[in-house]
Protein chains: 2
Amino acid sequence: MSKRQKNLSVSAEALRKAEALCEINGLKLTKLRKQVLKLIWRKPGYVKAYDLLDELKKIDPSAKPPTIYRTLDFLIENGLIHKLQSLNAFIGCHHPHEHNECYFLICDSCQKIEECCSKKINNVVASTSKNNNFIPNKVTFEIAGTCQNCLN
Amino acid sequence: MSKRQKNLSVSAEALRKAEALCEINGLKLTKLRKQVLKLIWRKPGYVKAYDLLDELKKIDPSAKPPTIYRTLDFLIENGLIHKLQSLNAFIGCHHPHEHNECYFLICDSCQKIEECCSKKINNVVASTSKNNNFIPNKVTFEIAGTCQNCLN
DNA sequence: ACAAATATGTTATAATATAACATTAATATT
DNA sequence: AATATTAATGTTATATTATAACATATTTGT
Ligand SMILES: [Zn+2]
Ligand SMILES: [Zn+2]
Ligand SMILES: [Zn+2]
Ligand SMILES: [Zn+2]
């Protein structure tokens, strides 16, 4: 299977998962939202909002910043994508059905992201919160560095 | 000791630590840098770059965005302050001499920050990096929520 | 058919950050 | 001390990221 074919199937799979999840939760995955999600999955790494806007404009020339940001908000709120806070960038979620505290390995060289889940993180968040009488709401955990491929 | 007095002493202590650290490392804590650091420590919570710029302008009306961002860069690079990526905000470092992987409890209500260090985080970063053949470089770990004081 | 809620369109602007180049100040070299 | 080199600051302009506010269209519930 070629690299392009693989990307296509990853994207198709993500779209199917998104549709299923919206179906279950009574959310509307409109044409616009589906288009944007598809654009997000089209590249292997992360994407920037205005790059996405440029792509969307090719399909719908009337698209403007609020178009993209509103759509991103919907996708984030419903766990279909994530925002990488340290990069102001966005990435499709690899397992939208089962979300604990996730974190990201971000390659500075190739822009690829590894999305990870670990109970250890949940434990650290829980214990540090307890120690500080803190009620956690949103966790941001991002590790930037160099990936396996880029080491050579 | 009043709240204001306490803040003053926290700020003075931070300034002394910063001076000591720059002395040790041969860094120049210029007048501008010291002024900005003082402004950062003046409020108990986090600060935004342009708010800082407004404050600085009261002292030096010729200050402009690059003035503040360059100074913030210096202070970040040398571990005297941190940037909170999820807020685009800045905060003085509470222990600039001994920096492992630190993380932050951010209160959404009162903007106060708790800076924490934990070996558990180092361990999670180390083990997940090893598992993924990833060389970590910069860690962002921020927990937003509600602090003890704001719970009532 | 109508009202209400949701989604999208549109204009304008706010908030965050950096590039590029000029000048000044500090440090090192002769 | 004069000169070269580097580091810091000043200055103008612009890039990047994001939202407010209001208008219109579409969907959903009654
Ligand atoms: Zn995810
Ligand atoms: Zn890579
Ligand atoms: Zn610190
Ligand atoms: Zn609080």
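This is a predicted model: local features need pLDDT of at least 70, side-chain atom pairs count only at pLDDT 80 or more; totals for chains, interfaces and linings use all residues.
## The zinc site

Let's start with the metal. Which residues hold the zinc ion (ligand 4)? Its protein donors are B:C107, B:C110, B:C147 and B:C150, each through its SG atom, at 2.2 to 2.4 Å from the ion. Along the chain, these donors of ligand 4 are spaced as C-x2-C-x36-C-x2-C.

Now for the geometry. The site of the zinc ion (ligand 4) is tetrahedral, and the angles among its 4 donor atoms run from 109 to 111 degrees.

Is B:C107 buried or exposed? B:C107 counts as buried because its relative accessibility is 1%, and the cut-off for buried is under 20%. B:C110 has 24% relative accessibility, so B:C110 counts as partly exposed.

## Two domains in chain A

Over to chain A, where the domain assignment gives domain 1 (3-94) and domain 2 (99-151). How many residues does the contact take from each? It takes 14 residues from domain 1 of chain A and 10 residues from domain 2 of chain A. Taken over C-alpha atoms, the centres of these two domains of chain A are 21 Å apart.

## What lies between the domains

Together, domain 1 and domain 2 of chain A bury about 990 Å² between them, with 65% of that on carbon and sulfur atoms. Across this chain A interface, the rule finds 0 salt bridges, but it does find 5 residue pairs in polar contact, both residues at pLDDT 80 or more.

Conventions. Residues are numbered from 1 along each chain as its sequence is written. Chains are lettered from A and ligands numbered from 1 in the order in which they are written. Side-chain values use heavy atoms; hydrogens and water are left out. Donors are N, O and S atoms within 2.8 Å of the metal (3.2 Å for Na, K and Ca); water is not among the atoms, so sites may look incomplete. Four donors count as tetrahedral if all angles lie between 85 and 135 degrees; four count as square planar and six as octahedral if opposite donors are over 155 degrees apart and all others between 65 and 115; anything else is irregular. Buried means under 20% relative accessible area, exposed over 50%, partly exposed in between (1.4 Å probe, protein chains only). Domain bounds come from an automatic or database domain assignment. Contact means heavy atoms within 4.5 Å. Buried area is the accessible area (1.4 Å probe) that two parts lose on being put together, summed over both. A salt bridge is a side-chain nitrogen of Lys or Arg within 4 Å of a carboxyl oxygen of Asp or Glu. A polar contact is a pair of N or O atoms within 3.5 Å; within protein, one must be able to donate a hydrogen and the other to accept it, and residues adjacent in sequence count only if both atoms are side-chain atoms.
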